[in-house]
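Notebook open, viewer loaded. I'm jotting down what I look up as I go.

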Amino acid sequence: MKRILFLFALLFPFVALGISVRIAFNEWIIDYIYAKKDFPEDIYGLPEEYRKGLAKLGLRAVLSDEAFEEFKKAELPDGTKAFNAREIEHMHDVKVFLKRFFPAVYVATFLWLLGFLILRSAHYLILSGFLGILILSILGVLVFTNYERAFEIFHIITFDPYSWRFFYTDTLIRIYPMKFWYEATKVVAIMSFILSATVLLLGLIWKRI
């Protein structure tokens, strides 16, 4: 029984991370990050609202076939194409990745909840929350110690090693600078920690009742 409890609970760090990523994949994250005082302006003078609009379109594009078609046809204020073939190809790769990642998160969440229904144990929640805090804290330290390197390693592992490298003049870099991904990762890390701490706290409260 202890082995089963541990195996099911071990799913929780991925569940907490995956749910947090899914919550962050909404337009509010763009509004939040773009509103930060230290968020850099576009060095080529793209108006902020237009830039933000393209960023939101890019987010929708990796979640929807219809939005992806709109993304491919997007234009800059001067009427030129906003995204070149390499940028479109990378966004397609991201779209394919998310089509695998999010269902995996849903399956893991279902299995974790199934484990809870089977075991009905405060220890299950405590162990799940503890593992979430422990594993995600270790991952957070590794990521934020050298964020740019961690970002590069993630992309090398996940995508073609050269498909995601762009020029500073490319629109994807202009609407999603490194500062954007750093702040988005912080939001996901905080939400993951809160989810883990909440589950741990619920387990401790249940144990005391």
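I started with Phe68 and Phe71, which both lie in helix α5, residues 65-73. They sit three residues apart, about one turn of the helix. Helices here are DSSP runs of H or I with at least four residues, numbered from the N terminus.

Note on what I'm looking at: this is a predicted model, where local features need pLDDT of at least 70, side-chain atom pairs count only at pLDDT 80 or more, and totals for chains, interfaces and linings use all residues. Residues are numbered from 1 along each chain as its sequence is written, and side-chain values use heavy atoms, with hydrogens and water left out.

Next, are Phe68 and Phe71 buried or exposed? Both are buried (under 20% relative accessible area; exposed is over 50%, partly exposed in between, with a 1.4 Å probe and protein chains only).

I then checked the rings. The structure holds 22 aromatic pairs (ring centres of Phe, Tyr or Trp, the last by its six-membered ring, within 6.5 Å). Phe68 and Phe71 form one of them, at 6.2 Å centre to centre with 25° between the planes. That counts as stacked, because the planes are under 30 degrees apart; over 60 would be edge-to-face and the rest tilted.

I also found an aromatic cluster made of Phe14, Phe25, Phe97, Phe101, Phe102, Phe154 and Phe159. Over the ring of Phe102 sits the charged end of Arg22, 5.1 Å from the ring centre (the rule is NZ of Lys or CZ of Arg within 6 Å of the centre and within 35 degrees of the ring normal).

On to helix packing. How do α7 and α10 run relative to each other? Helix α7 (residues 122-145) and helix α10 (residues 178-208) pack at about 155°, axes 7 Å apart, so they are roughly antiparallel. Axes are lines fitted to C-alpha atoms over the stretch in contact, with angles from 0 to 180 degrees between N-to-C directions. By class, the contact of α7 with α10 has 17 nonpolar, eight polar and two charged residues (nonpolar is Ala, Val, Leu, Ile, Met, Phe, Trp, Tyr, Cys and Pro; charged is Asp, Glu, Lys and Arg; the others, Gly among them, are polar).

I compared that with helix α2 (residues 12-24), which packs on α7 at about 70°, axes 8 Å apart. These two are therefore roughly perpendicular.

Technical notes:
Parallel < 35°, antiparallel > 145°, perpendicular 65-115°, else oblique.
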